Amino acid sequence: MASGGLKDAPEVITVSDANTQFGLELFRKCGADRKDENLFLAPFSISTALAMTQLGAGGATAAEIAKALKWPSQERPLKGFGTYLSLMSSAAEVPKGNSYVLLGAQRIFVSQSMTLKQKFNSDAQKYFGADAKTADFQSNAEKERESINTWVSEKTQGKIKDLLAAGSLDSLTAMVLVQATYFKGFWLDKFDPRRTVKSYFKGTKGKVEVDMMSQETKFPYARCKRLSCSAVELPYARGDGSDHYDLSMLILLPDEDDGLAALEASLTASDLAKLRSSMTARDEVNLQLPRFSMESSLNLKEVLISLGMVNAFSKKNADFTGLMEQLSEDLYLSEVYHKAFVEVNEEGTEAAAAMEFYVVQSIKQRIPFVVDHPFLFFIIDRRADIPVLYLQEILLIFLCLLVMATGGLKDVPEVRAVSDANTQFGLELFRKCGADRKDENLFLAPFSISTALAMTQLGAGGATAAEMAKALKWPSQERPLKGFGSYLSLMSSDVKAHQRNSYVLFGAQRIFVRQPLTLKQQFNSDAQQYFGVDAKTADFQSNAETERENINTWVSEKTQGKIKDLLPAGSLDSLTAMVLVQATYFKGFWLDKFDPRRTVKSYFKGTKGKVEVDMMRQQAKFPYARFERLSCSAVELPYTRGDGSDRYDLSMLILLPDEDHGLAALEASLTASDLAKLRRSMTRSKVNLQLPRFSIESSLKLKEVLISLGMVNAFSEKNADFTCLVEQLSEDLYLSEVNHKAFVEVNEEGTEAAAATLAPEVRCYVPIIPFVVDHPFLFFIIDRRADIVLFMGRLVNPAHSKRAGNQEL
């Protein structure tokens with residue numbers, strides 16, 4: 001009792017035991033026809049709502065509800081509910097920084113033509129803290145439904161929306177009783193986001209790729225041979241700086257990949273109690289757990305009837321005479337709705353990351369606990385042994401996860417279509433551009449180019465549109481507009497919410513149209529909706545040179561002065577009808593900064609011999625992989641978000657050939673599939689990284705390259721079809737040129753906060769992988785939220801900074 005525990009109080013034991021039995025049986029029933037679906041429910045929320053309802057029941061109806069809820073007798077365990085709900089209420093009033101938040105709220109919405117019986121109202125307030133509110137169901141049922149949904153959303157911090165579906169209430173509704181439970185917890189032993197890697201989860205319908213969190217630390221652990229499973233308990237921090245904890249997540253992992261069904265069928269409340277009591281205080285566990293989130297919406301009427309609650313739902317037999325005064329018609333339960341949400345990620349408290357939990361002791365064997373196949377988990381309040389939110393089945397693995405936890409889009413189908421096409425297009429474009437530049441640095445922005453061409457393709461028709469779609473590697477002739485729109489919106493939101501020392505990433509699109517031409521309504525509408533493009537008139541006929549300077553000024557402003565003179569003198573004239581421009585700007589700070597004091601003079605083995613460079617150096621943990629087929633190794637350098645966390649959205653991926661002169665072979669062989677496989681195989685490893693400072697600027701004319709990729713008609717004065725661009729044009733439109741300019745600079749800069757976290761801890765028994773970037777290599781700057789390759793480049797000679805590759809193709 002010194003720690004606020006209630007689990008030995010007899011009245012709370014009654015509620016706890018009954019709640020666990022009820023929850024397990026309810027879960028089995030709900031999951032019976034959902035074998036291949038994730039499932040999440042909150043048994044204490046459901047049993048609390050039903051217990052309040054049972055207060056107003058009598059006779060056989062009350063007895064059936066009590067039996068379904070697994071109460072040991074007909075006597076209501078009101079003190080147990082009251083004691084635990086009071087504990088939740090007191091915890092909610094004094095939240096500490098980085099502590100868990102656990103609260104329950106109950107409300108009764110009563111038809112304004114009715115009055116609750118005094119005894120029911122008194123007990124509901126005394127034991128459940130439920131307040132009553134009148135509602136005009138007779139005249140405004142839909143408005144009252146929205147009011148109830150708003151209340152639930154507020155009490156669950158916006159996580160549970162639309163509990164009651166449209167039309168679920170009507171003029172016959174007498175009362176709606178609602179219970180809302182909200183929980184947010186921070187791990188006592190937090191996961192390090194830098195150790196989260198791509199891995200595979202063996203779901204019921206095959207393997208799926210997941211973000212697998214990992215850590216090696218001490219956790220309560222147990223084996224259960226009878227159930228053929230093992231268990232680990234993950235505590236949530238109190239937020240008071242201590243190692244004590246009130247709430248925890250208990251994970252039950254079947255031994256066999258397909259063993260979950262048998263575990264669910266066999267598991268009893270007694271098993272759960274024995275397993276928890278057998279857990280060793282702290283064992284060294286090598287834990288791997290996927291990030292996930294899910295939401296379950298359930299209509300429990302049929303399930304509760306199958307549990308024996310028959311009369312409560314019967315118009316003829318229901319007995320709720322203890323609810324209302326002077327009621328002319330009989331009351332019965334029409335429906336029981338339940339909605340629950342859960343999200344699991346790496347977050348924890350800074351104070352909870354106690355150093356002793358991360359110390360590796362070579363004399364003690366670590367227990368492997370790899371959560372890579374379907375499992376059960378429970379969130380338990382240890383003070384009362386109450387499973388608050390529990391029994392969740394992780395089966396299909398959560399494609400909505402990166403969209404809902406870190407703002408990720410890479411598993412959204414329309415964004416995936418753009419991402420895959422952009423990578424394929426970028427690699428082929430890069431090969432073509434680099435073919436006659438073997439001894440030159442090269443840098444380009446495939447997403448900038450594909451975005452500009454996609455906007456242009458909006459105005460194309462016939463063979464011109466088909467050729468452009470094929471060159472851009474779109475999987476079909478259908479334009480992936482939603483994908484471009486979603487990602488460009490994400491870039492736009494980054495600009496509005498970027499933080500100090502975070503990366504800066506934004507894209508800007510503008511169309512300069514010759515006056516007095518008018519863009520076609522459909523083209524203008526789609527360009528604005530999906531690409532955020534604004535149109536500006538330009539006097540190309542009389543002042544082409546002035547307009548060229550205006551366009552260059554706009555590009556320079558949007559790229560923070562890094563891209564100047566995109567259009568060379570004389571590139572526009574009186575025949576110019578339209579100029580479509582896309583500008584992408586990125587500035588990033590390393591998550592793991594290089595210490596400038598460790599930068600030394602060294603040699604880089606370029607294609608034309610050795611050159612002296614400023615070589616940056618550090619030893620730290622980075623995602624790393626070997627790729628034997630391509631004879632190269634890879635390291636990923638994250639850019640910081642600037643929010644103090646170790647998570648990252650953008651990164652630089654460096655591919656280093658094994659041989660000093662191996663870059664040409666790597667460029668020729670590398671495919672989008674290779675890149676995806678390599679990134680999935682990366683693991684966080686201690687790397688001795690040496691990387692030269694460098695900067696590159698490339699200026700390219702892409703006309704001939706794009707024609708070689710199949711975009712023939714677009715550049716043909718005779719055959720180009722851009723009839724969907726402008727209204728009432730007397731002459732034919734065609735593309736005259738596609739200019740591209742890109743700049744990159746890489747140096748030691750990073751955030752102060754990241755350096756503190758990233759200081760390497762060298763131990764003699766951990767091998768450090770050498771990664772010495774002293775010969776030509778490829779690099780990519782990737783937005784991990786959508787798997788978009790924003791920029792890609794090669795460095796063959798760091799001494800040739802800035803102005804590299806300025807020849808026309």
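Okay, quick one on terms before we start: when I say strand, I mean a DSSP run of E with at least two residues, numbered from the N terminus. And keep in mind that this is a predicted model.

So, first stop, strand β19, which covers residues 600-606 and is where you'll find K601. Is K601 buried or exposed? Exposed counts as over 50% relative accessible area, and K601 comes in at 55% relative accessibility, so it's exposed.

What does K601 touch, if we skip residues up to four places away in sequence? That would be E612, V613 and D614. Take E612: it sits eleven residues from K601 along the chain, and the two C-alpha atoms are 6.7 Å apart.

Okay, over to a pair of helices. α12 is residues 446-457, and α13 is residues 462-471. Their axes come within 10 Å of each other and cross at roughly 160°. Angles over 145 degrees count as roughly antiparallel, so that's what we call α12 and α13. As for handedness, α12 passes α13 in a left-handed crossing.

Which residues meet there? On the α12 side you've got L453, T456 and Q457, and from α13 come A465, M468 and A469. Sort that contact by class and you get four nonpolar residues, two polar ones and no charged ones.

How values were computed:
Residues are numbered from 1 along each chain as its sequence is written. This is a predicted model: local features need pLDDT of at least 70, side-chain atom pairs count only at pLDDT 80 or more; totals for chains, interfaces and linings use all residues. Side-chain values use heavy atoms; hydrogens and water are left out. Axes are lines fitted to C-alpha atoms, for helices over the stretch in contact, and angles run from 0 to 180 degrees between N-to-C directions. Helices (H or I, at least four residues) and strands (E, at least two) are DSSP runs, numbered from the N terminus. Angles under 35 degrees count as roughly parallel, over 145 as roughly antiparallel, 65 to 115 as roughly perpendicular and the rest as oblique. A crossing is left-handed if the near helix is turned anticlockwise from the far one by less than a right angle, and right-handed if clockwise. Contact means heavy atoms within 4.5 Å. Ala, Val, Leu, Ile, Met, Phe, Trp, Tyr, Cys and Pro count as nonpolar, Asp, Glu, Lys and Arg as charged, and the others, Gly among them, as polar. Buried means under 20% relative accessible area, exposed over 50%, partly exposed in between (1.4 Å probe, protein chains only).
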